[in-house]
Amino acid sequence: MKMPYKAIALGAFLLQISAVNALDGLVETPSLTAQVQSGELPPVENRLPREPQLAQLRPDQTAGMHGGELRLLMGKQKDIRQIVIYGYARLVGYTPELDLKADILESYEAFENRVFTLHLREGHKWSDGHPFTSEDFRYYWEDIANNPELSKGGPDKLFIIDGELPKVEYLDKYTVRYSWSMPNPYFLPALAGARPLYIYKPAHYLRQFHARYQSEEVLQQMMDEAGKRKWTGVHVNKDRPYKATNPDLPTLQPWVNSTYPPAERFIFKRNPFYHRMDQNGRQLPYIDSIAINIASSKLVPAKTGAYESDLQARYLRMDNYTFLKSSAKRNDFDVRLWQTGKGAHVALYPNLNTNDPAYRELMRDVRFRRALSLAIHRFEINQVVYFRLVQESNNTVLAEDKLYKPEYQFDGIEFDLEHANQLLDELGLTQRDDRGVRLLPDGRPLEILIQTAGESTEQTDILELIHDSWLDAGIKLYSVPSTREVFRNRIFSGDAIMSIWSGLENGMPTPENSPSDLAPTTKYQYQWPQWGAYYESSGKSGEAPELPAARELVVLNDQWARARTREERIAIWHQMLDINREQMFTIGIVNHVPHPVVVSNQLYNVPAKGFYDISPGSYFGIYKPDTFWFDETRR
Amino acid sequence: MLTYILRRILTMIPTLLVISMLVFVIIQLPPGDYLESHIAELQSQGESVDENKIAFLREEYGLDKPMLQQYGQWLFGMLQGDFGYSFEYDLPVTEVVGDRLFLTVIISITTILFTWIIAFPIGIYSATHQYSWGDYGLSTLGFLGLATPNFLLALVMLYFANVYFGTSIGGLMDAEYIDAPWSTDKIISILEHLWIPVVVIGTSGTAGMIRRLRANLLDELQKQYVTTGRAKGLPPGKLLRKYPLRVALNFFVADIGNLLPTVISGAEIVAVVMSLPTTGPILLSALQSQDMYLAGSFLMFLALLTVFGVLVSDIALAMLDPRIRLGGGANK
């Protein structure tokens with residue numbers, strides 16, 4: 001990923017040159033010329049901010065031309081939010097190397113990770129042409145986040161550090177400052193998220209729906225029309241930047257929805273006031289519009305094979321790969337394999353909070369968890385289920401990550417039945433029944449019911465293979481399929497002994513990303529839901545963690561939040577990864593599962609290799625789809 | 001007759017009331033509510049969930065109220081023509097369903113016509129030519145249609161239509177015509193796509209109808225009045241049309257009761273597989289995501305149509321068939 005030094009120097013030099021001439025030699029977007037001539041839109045130099053963001057093309061990318069319509073397939077209407085994820089215009093955003101960089105913001109300063117000064121771009125406008133200023137931040141903070149009717153529980157919990165809210169100052173029209181007395185490490189990553197924390201809202205548009213600015217009669221009329229009981233319902237409904245359901249809502253994203261739901265086809269049009277441009281003076285995005293067709297998600301692979309999409313990864317799966325490859329011969333598209341970025345594609349979650357006391361004691365013993373892991377033949381799973389295309393691994397960070405160490409991936413994942421049996425014998429599980437299944441101290445056979453959400457045959461196939469090797473260790477496995485809601489409720493209530501699900505959501509964390517997934521911090525962690533609930537509710541529900549290692553993880557997680565230097569954060573990350581390695585709270589099976597990405601041959605600048613995941617990659621987002629462009633046949 | 005109709009209409013009220021209760025309870029039976037399945041979905045895709053927002057929505061949607069109160073509000077709303085609010089679409093239910101009704105009706109009516117056009121001649125032929133080669137051949141074909149799973153046939157036809165005719169897969173028109181104003185091109189595009197669902201949904205219906213018509217007609221053809229007519233020298237065609245066929249059509253009229261709801265709901269599974277823009281997929285996804293007012297109001301609408309359709313077919317039968325009319329009179 002690293003460019004040679006010369007190329008960087010040259011690139012920087014070119015950048016400087018073009019930055020000097022930033023607003024000279026701008027090229028008007030062909031599809032907008034008519035509107036500019038008729039006076040509907042200002043010319044491009046007045047549409048870009050005074051200091052536009054210059055797109056930084058990677059070596060494999062080229063500067064493009066305007067035009068074309070990108071066709072996408074989605075499974076349901078709600079999926080149009082993917083465009084907000086793909087578009088990925090954020091106050092600060094990740095680069096493909098996962099560094100944070102100002103994007104919508106011209107720049108920002110973070111002092112000790114607790115005082116954040118954000119500088120907006122002068123002349124930056126919303127998609128309707130209204131200036132984007134600190135007033136939009138004030139509106140969010142005072143009239144939404146701190147409005148007792150709109151936000152019942154107060155501002156989002158990411159704003160609250162040790163019970164303290166930030167001091168928010170609007171220094172001038174283009175400068176906003178958030179300051180806490182303690183570090184808030186969550187703030188910047190939250191602004192860069194796939195689903196970002198929106199700390200700015202189009203005040204000029206939303207005011208008309210707000211009780212503070214609008215008369216009661218007008219509000220009442222709006223409520224009646226929308227079928228809402230309170231004015232807040234109308235306001236919330238109009239103000240959904242992430243769901244993109246309201247075409248009237250001004251936005252800063254590269255493409256703006258132009259279709260009112262319900263519909264089967266959504267058209268996103270280019271934002272004429274977008275803040276990025278390329279080195280040749282073309283305002284981005286290159287592509288004029290995005291057409292999303294809603295089709296049943298099961299038909300998406302077939303439709304993609306029939307070339308009804310120009311850029312498709314959603315709803316495609318690894319087992320569609322051969323079909324797509326053979327369709328690519330008939331149609332003009334290319335099938336690429338990207339990587340998924342989860343810590344483990346599939347992982348077993350022993351429930352340390354299970355209700356059954358005999359199993360609870362076993363699950364909490366690290367020797368038992370390690371024995372389970374040693375009795376899994378991961379190589380066989382890789383061969384049988386994944387054609388040897390994946391990596392056998394614990395549930396931990398991926399090999400490409402800066403925090404990676406080989407022992408995190410490989411410790412305790414070798415197939416070693418002898419050692420597994422020895423560990424189980426040490427636990428006193430020496431009695432067996434006539435099937436050879438070990439007996440619990442109370443005489444019951446050691447039968448582990450693994451809950452599955454019943455969504456993929458992939459998981460049941462894997463469980464079938466684990467079943468055979470576990471039986472050689474004297475453990476009988478049953479898989480229990482159910483639906484997603486039932487599955488979760490069984491885990492939360494402690495009825496589940498063990499479950500199977502995917503591993504760490506973000507397998508490519510930076511030290512600046514919160515390590516909270518490694519510690520009991522929410523009830524949605526299937527290995528310790530009760531301990532997570534305890535932390536999440538500050539002790540009001542759930543149970544306090546009883547294992548010393550789990551308690552230590554909680555302490556480390558809190559220390560990370562207070563850490564002031566990058567070195568401290570790196571050290572804490574490693575400590576937490578190491579505890580998870582040693583304790584094996586979750587049993588990872590494989591990761592690095594490839595994901596097929598179909599790209600039209602007429603579409604340029606889509607990387608040949610990449611990570612396909614929502615966090616932190618925002619799917620295509622960090623690869624900047626506003627720089628993708630079509631060749632002349634499609635413009 | 002009038003009192004009969006009146007009494008039937010009055011009994012519809014408690015029937016519908018019971019149905020509404022059943023619908024509401026059954027939709028609520030799975031654990032959790034819409035917001036919980038919404039959270040589960042967000043999390044399975046790795047998206048963050050804002051608990052404050054969820055709490056706000058729970059109150060906004062009235063999901064924090066006791067179930068009885070929710071039921072009451074829904075029921076009284078429906079009486080005033082307010083079918084509630086769809087959480088999934090964030091729109092009133094009528095707006096969600098309304099758009100799709102038209103295309104659903106088009107598909108359903110075409111399918112019904114297709115079924116009749118194919119089934120009638122074949123049914124009559126195989127009854128009048130019982131145990132002939134033609135009868136066997138056509139019956140085999142009919143059974144094949146009945147036995148082939150609809151969704152499989154749909155997928156196979158979609159694939160071949162795409163590879164050989166270049167028709168886009170699924171849907172009811174090429175993408176560029178969706179939400180576009182009506183034009184000749186749009187109609188042609190619809191016709192190009194329409195035949196697959198019509199044939200797929202039609203095949204099983206056709207087979208069933210052939211069997212029923214054949215059986216009913218065979219019953220009649222054995223009867224003495226047919227022999228008498230034939231003995232008196234009536235031409236075979238006229239004899240068939242004038243007497244046994246008309247009697248054999250009773251089942252057909254009785255079917256109207258089932259027809260009305262199917263016209264509105266379309267064939268759900270096939271519609272999902274072929275991703276048709278009809279109401280079926282909406283109903284299915286509403287049930288899956290526990291979007292209760294959308295699912296509930298839709299099911300209630302179907303129930304109303306069924307009850308009403310049965311009434312219509314009963315009245316039609318009574319008018320058509322003197323035996324039913326007179327039998328009803330004799331009971332009084």
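Two residues are in contact if their C-beta atoms, placed from the backbone, lie within 7 Å. The model shown in these views is predicted.

**View 1. Contact between the two domains of chain B.** Here 13 residues of domain 1 of chain B are in contact with 14 residues of domain 2 of chain B. Three helices of chain B, α1 (2-28), α2 (34-44) and α4 (67-79), each supply at least two residues of the domain 1 side. The largest share of that side comes from α1(B), with 7 residues. By class, the domain 1 side has 9 nonpolar, 3 polar and 1 charged residues.

**View 2. Layout of the domains in chain B.** The domain assignment gives domain 1 as 16-82 and domain 2 as 95-331. The C-alpha centres of these two domains of chain B lie 35 Å apart.

**View 3. Contact between chain B and chain A.** Chain B brings 39 residues to the contact, and chain A brings 36 residues.

**View 4. The chain B side that touches chain A.** Which element gives the largest share of this side? The answer is α2(B), with 5 residues. By class, this side of chain B has 17 nonpolar, 14 polar and 8 charged residues.

Notes: Residues are numbered from 1 along each chain as its sequence is written. Chains are lettered from A and ligands numbered from 1 in the order in which they are written. This is a predicted model: local features need pLDDT of at least 70, side-chain atom pairs count only at pLDDT 80 or more; totals for chains, interfaces and linings use all residues. Domain bounds come from an automatic or database domain assignment. Helices (H or I, at least four residues) and strands (E, at least two) are DSSP runs, numbered from the N terminus. Ala, Val, Leu, Ile, Met, Phe, Trp, Tyr, Cys and Pro count as nonpolar, Asp, Glu, Lys and Arg as charged, and the others, Gly among them, as polar.
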